[in-house]
Amino acid sequence: MDPTLIATIMVVVLLLAIFIRMPIALAMGVVGAVGYSFLASPYALMAYFNTAWVDKFMSYELAIVPLFILMGHLATRTGISGAIFQASNAWIGHKRGGLAMAAVAGCAMFGSISGSSLATASTMAKVALPEMRKHGYSGALSSGSLAAGGTLGILIPPSVVLIIYALLTEQNIVKLFLAATIPGILAVCGFFIAIMVYVRLYPEEGPTHEKADLATRLRSLKDIWHVIAIFVVVLGGIYGGFFTPAEGASVGVVMTLMVGLFKAGLKFSELMDCLIDTAGSTAMIFAIVFGADIFNVALALSQMPAEVADFFRNADIAPMTVMLGMIVFYLIMGCVMDSLSMILLTVPVFFPTVMALDFGLMPEQQAMWFGIITLVVVEMGLITPPVGMNLFVISAMAKDIPTSQIFRGTTPFICAEFCRIALLVSFPVLSYWLVGVVAG
């Protein structure tokens with residue numbers, strides 16, 4: 001059978017398995033293994049299994065993932081989220097829609113030490129949602145701002161998904177973290193603007209409340225100094241070349257643990273819960289990574305990614321048209337698939353295609369630009385109905401808010417995301433300018 005036909009059947013079967021809700025790791029692993037057997041032989045598959053486990057999971061760079069996950073779990077248990085939200089609330093909460101803006105700002109700060117969107121959304125919802133409801137905020141604005149703010153967890157460095165993209169495409173993790181900084185700031189600004197427009201149209205949904213005095217504001221900053229210290233030391237140390245990303249993640253874990261022990265009174269049982277949760281999350285991610293590796297190795301054997309890249313390189317199609325087609329594909333798939341699975345499934349095919357096209361950029365710049373756009377579009381899938389994961393996280397925590405209201409509440413933020421995607425596509429320099437400044 002023709003290798004390209006086998007690869008096409010593999011992709012179709014995989015998508016069908018995903019649509020019937022088969023676990024993504026199992027779906028990719030089984031389909032990839034069967035495809036590998038047809039493309040090579042069952043004996044070659046067994047030989048691959050003999051070494052693949054060790055080759056994949058002894059990767060030094062992959063050790064970053066559980067470390068940042070543990071850092072996020074420790075931050076969740078130590079009450080950092082509450083202090084972050086209270087500080088944001090003290091400075092901007094009194095404005096119309098200010099509590100929603102404070103929730104977004106809190107998500108951005110918490111995301112800088114978490115790296116997970118779901119953890120950011122669920123943790124911030126625990127402290128911000130009751131406060132917003134108490135001050136008369138509508139269910140739509142409350143839930144929408146928290147669901148959208150949670151997406152910042154995978155874009156604001158450190159980002160677990162960005163680390164996986166770097167490993168898949170063999171890019172520099174530090175440079176990708178830098179590249180994500182400006183798009184992350186644009187996301188926060190875009191969400192702020194979305195909230196301001198929303199409360200101007202519906203002022204009763206985001207009422208004002210009493211302004212905090214200066215002493216309260218300054219005191220709130222004193223309560224989050226450790227968050228700022230962790231952010232500066234970890235990312236500053238990585239960007240400054242004082243330690244590698246893995247070493248930076250280790251330092252972040254130790255600093256967060258110290259905060260938990262000496263400031264929040266972290267108990268031994270809570271520490272064990274953090275370790276168990278980290279092990280569970282890491283096992284799930286590594287299972288997906290290994291399943292994707294089998295699938296992608298099979299695709300590589302079929303030469304399908306190279307043939308797709310050659311087709312678009314030789315076709316009379318404008319490169320930007322190809323990029324827009326990929327963005328549309330991601331937007332559609334984001335409605336039915338989680339972010340990590342989408343990255344692992346599509347990047348091995350899309351990345352060679354993008355790198356084969358001429359966008360007038362240096363190869364490294366083009367790789368960073370595509371990575372950031374991919375991350376932003378995938379991030380958007382977290383708040384896109386019907387299966388946006390952040391929507392379900394908020395829905396589970398806000399049982400008094402109808403799902404229809406949560407969907408409505410995300411509409412202005414989805415519009416803001418479309419604007420950000422348009423900016424990043426139109427001005428690629430936004431994705432790599434900071435890298436050039438710091439590296440230069």
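How much space lies in the largest cavity? About 40 Å³. Bear in mind that this is a predicted model.

1. The cavity. Searching the whole structure turns up one cavity of 30 Å³ or more. Its lining consists of 11 residues, and those nearest the centre are Gly334, Met337, Asp338, Gly381 and Leu382. Two elements, helix 17 (339-356) and helix 18 (363-381), each give two or more residues to that lining. Sorted by class, the cavity lining comes out as six nonpolar, four polar and one charged.

2. The largest pocket. Here we have about 940 Å³ of space. The lining runs to 37 residues, with Ser116, Leu118, Met284, Asp338 and Met389 closest to the centre. If you're colouring this up, note that Asp338 is also on the list of residues nearest the centre of the largest cavity. The elements supplying two or more lining residues to the largest pocket are helix 4 (64-77), helix 7 (117-134), helix 9 (160-169), helix 14 (268-302) and helix 17. What is the make-up of this lining by class? There are 20 nonpolar, 12 polar and five charged residues.

3. The second largest pocket. Its volume is about 470 Å³. Among its 23 lining residues, Lys56, Leu167, Leu168, Thr169 and Asp293 sit closest to the centre. Helix 9, helix 14, helix 15 (304-314) and helix 17 each put two or more residues into this lining. Which helix gives the largest share? That would be helix 14, with six residues. The class count for the second largest pocket is 15 nonpolar, four polar and four charged.

4. Elements that come up again.

5. Helix 6 against helix 7. The axes of helix 6 (residues 98-114) and helix 7 come within 9 Å, crossing at roughly 150°. Angles over 145 degrees count as roughly antiparallel, so helix 6 is roughly antiparallel to helix 7. The crossing of this pair is right-handed. On the helix 6 side, the contact uses Leu99, Ala100, Ala103, Gly106, Cys107, Phe110, Gly111 and Ser114. Helix 7 answers with Ala119, Thr120, Thr123, Met124, Ala128, Glu131 and Met132. In class terms, that contact has nine nonpolar, five polar and one charged residues.

6. Helix 10 against helix 12. How do the axes of helix 10 (residues 173-201) and helix 12 (residues 225-239) cross? They come within 9 Å and cross at roughly 120°, which makes helix 10 oblique to helix 12. This crossing is left-handed. From helix 10, Val174, Phe177, Leu178 and Thr181 meet Leu235, Ile238 and Tyr239 of helix 12. That contact has six nonpolar residues, one polar and no charged ones.

Terms used: Residues numbered from 1 in each chain as written. Predicted model: local features only at pLDDT ≥ 70, side-chain atom pairs only at ≥ 80, totals over all residues. Heavy atoms only, no water. Axes fitted to C-alpha atoms, helices over the stretch in contact; angles between N-to-C directions. Helix = DSSP H or I, 4+ residues; strand = E, 2+ residues; numbered from the N terminus. Parallel < 35°, antiparallel > 145°, perpendicular 65-115°, else oblique. Left-handed = near helix turned anticlockwise from the far one by under 90°. Contact = heavy atoms within 4.5 Å. Nonpolar A, V, L, I, M, F, W, Y, C, P; charged D, E, K, R; others polar. 1 Å grid on protein atoms, 1.4 Å probe; cavity = no way out; pocket = protein on both sides within 12 Å on 5 of 7 lines; lining within 4 Å. Points joined across faces, edges and corners; volume = space filled by probe spheres on them.
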